[in-house]
Amino acid sequence: MSRSYQQELEYIERLDVNSFRIKKGFVPNMKVEGVFYVNDPLERLMLDELRNSCRTGGYGGFLPGVKQIANVAALPGIVGRSVGLPDIHSGYGFAIGNMAAFDMADPKAVVSPGGVGFDINCGVRLLRTNLTEKDIQPVKEQLAQCMFDHIPVGVGSKGIIPMAARDLEEALEMGMDWSLREGYAWAEDKEHCEEYGRMLQADPSKVSARAKKRGLPQLGTLGAGNHYAEIQVVEEIYDKFAAKKMGIEFEGQVCCMIHCGSRGLGHQVATDALVAMEKAMKRDKIEVNDRQLACAHINSQEGQDYLKGMAGAANYAWVNRSSMTFLCRQAFAKMFQTTPDDLDMQMIYDVSHNIAKVEEHFIDGKQKTLLVHRKGSTRAFPPHHPLIPVDYQLTGQPVLIGGTMGTCSYVLTGTEVGMESTFGTTCHGAGRALSRAKSRRNIGYDQVLQSLQEKGISIRVASPKLVMEEAPESYKNVTDVVDTCHKAGISKKAIKLRPVAVIKG
């Protein structure tokens, strides 16, 4: 029997100014509670989604985000809480912006492809330069064009990094070690990458022939949707010490941000796993509240196959971002007639925001090995954590939060509070407020391009139609999202970046 909106609200309780608790009983079989982080404007968006679904019995093909957090809290083997970050919105199975951890020691614990997403290891990397905004202002349009010419973009774009089938097998297994060997990455890039750019459990034989066929021509391509390469300038420095450790010395310093993932290959790995897991669920009698939460026991054949295939797709995504970093460095070097080295085009960091990883965490004072699913959420480890680079041991891990087209982006750092309350996890971006279809109906691409022009932002885009879907109005305010995480203490603001040129698919 469906409940009224008022009845639903009885299960949602404000914990403090930045967070709400979803009590057990909100949906059947909840093993743990849910929690989500919001400020006032974000709270309205979150609860409107629930109110609308109570009226219509559904929400654009997906359940509202609050329901999805609760359904995840009902999965076997979950520990702690099912966490919703401030950029949360409805997604496939898990909401985008939902994080959950499963106890590896529990034989019933599951892995769910819906908790990683279709774009496996979609992520963000940030490069710094020693250029100032004054240096690039006279050549901004040419620089944007040069980047657009260098980086293949758009739906079905083909990569220009030479790849044979054997190279792809090696890239799936080696990740950034492949890029390093082939001369597309610098040794320091690997140091400044989550997992050092390589998941060791990757097994290319667990990636289907169809996935490989899709991935082979796409390596070193940006693709479409919300992926972009941006030239940005440092607008504000909140934490001078952390910024200095990252090589950010002054406001007006030029950076490059690249946001993309594993393209068609990752999508296919997820699709293949969902098919296999539906069968495994019947066999192992796994009950879930939502069919989209198809999953398998972590230690089952299907669970292990998915984790090994997902690791391969994650490695592919790191090679993809490395290839575009190489092309980005080439474009800058060509424009300024010097070398990337002389431009100090070092990588600040590379983070993943669609991934599942085995990590050690403390629960009730006991150390446990957990499988942490982060979908549309970013790892944010605190200072002194053994898994972050030496350079960032005193500041905490850099966390890169990409804004939407034409809005600012942020660099945050991980905190101890986040480690304790969200398994070292924070937001990943702005998070959609309107569906893609609604954006296309409501927003004309002319007005989007004009508003970018008025802000002094150069844009190069392969498909104008996609501009409407990615208009800033389609998204939550990234500053609201970041401020909520900062106030809740789960990550800390370090740097604010403003775009001056956007390259999109």
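Strands here are DSSP runs of E, at least two residues long, and helices are runs of H or I with at least four, numbered from the N terminus. All the views below come from a predicted model.

**View 1. Cys-122 sits in a loop between two strands.** The strands on either side of this loop are strand 6 (110-111) and strand 7 (123-132). Cys-122 has a relative accessibility of 4%, so it counts as buried. In the unreviewed UniProt entry, the "binding site" annotation covers Cys-122 along with His-259 and His-353. These positions are spread over 232 residues of sequence, yet they cluster in space, with a largest C-alpha distance of 10.3 Å.

**View 2. His-428 carries the "active site" label in the unreviewed UniProt entry.** Look for His-428 in the loop that runs between strand 17 (425-426) and helix 14 (436-442). Is His-428 buried or exposed? With 12% relative accessibility, His-428 falls under the 20% cut-off, so it counts as buried.

**View 3. Arg-166 and Glu-170 pair up within helix 6.** Their side chains meet in a salt bridge, at 3.4 Å from N to O. The two residues are 4 apart in helix 6 (residues 165-174), which means that about one helical turn separates them.

View 4. Arg-181 is partly exposed, with a relative accessible area of 46%. Elsewhere, salt bridges with shared partners join Glu-133, Glu-235, Lys-496 and Arg-498 into one network.

**View 5. Glu-169 and Lys-212 bridge two helices.** The closest N and O atoms of this salt bridge are 2.8 Å apart. Glu-169 is in helix 6 and Lys-212 is in helix 9 (residues 209-215), so the pair ties together parts that lie 43 residues apart in sequence. Glu-169 is partly exposed, at 31% relative accessible area, whereas Lys-212 is buried at 17%.

**View 6. Five acidic side chains, Glu-188, Glu-191, Asp-341, Asp-342 and Asp-391, gather on the surface.** Together they make a patch of negative charge. One of them, Asp-391, is in the loop between strand 14 (378-379) and strand 15 (398-401). Asp-391 counts as partly exposed because its relative accessibility is 37%.

**View 7. Helix 3 is mostly covered.** How many of the residues in helix 3 (residues 65-72) are buried? The count is 8 of 8. Among them are Lys-67, Gln-68 and Asn-71, as well as Val-66, Ile-69 and Val-72.

**View 8. Glu-43 and Pro-86 come together across the sequence, with 8.7 Å between their C-alpha atoms.** In sequence they are 43 residues apart. Glu-43 is part of helix 2 (residues 40-56). Its relative accessible area is 17%, so Glu-43 is buried.

Technical notes:
Residues are numbered from 1 along each chain as its sequence is written. This is a predicted model: local features need pLDDT of at least 70, side-chain atom pairs count only at pLDDT 80 or more; totals for chains, interfaces and linings use all residues. Side-chain values use heavy atoms; hydrogens and water are left out. Patches are made of residues with over 30% relative accessible area and no salt bridge: like charges are joined within 9 Å, nonpolar side chains (Val, Leu, Ile, Met, Phe, Trp, Tyr) within 5 Å. Accessible areas come from the Shrake-Rupley method with a 1.4 Å probe; for residues, only the protein chains shown count as cover. A salt bridge is a side-chain nitrogen of Lys or Arg within 4 Å of a carboxyl oxygen of Asp or Glu. Lys and Arg count as positive and Asp and Glu as negative; His and the chain ends are not counted. The place of a charge is taken as NZ of Lys, CZ of Arg, CG of Asp or CD of Glu. Buried means under 20% relative accessible area, exposed over 50%, partly exposed in between (1.4 Å probe, protein chains only). UniProt positions are given in the numbering used here, feature names are shortened, and annotations may be inferred rather than shown by experiment.
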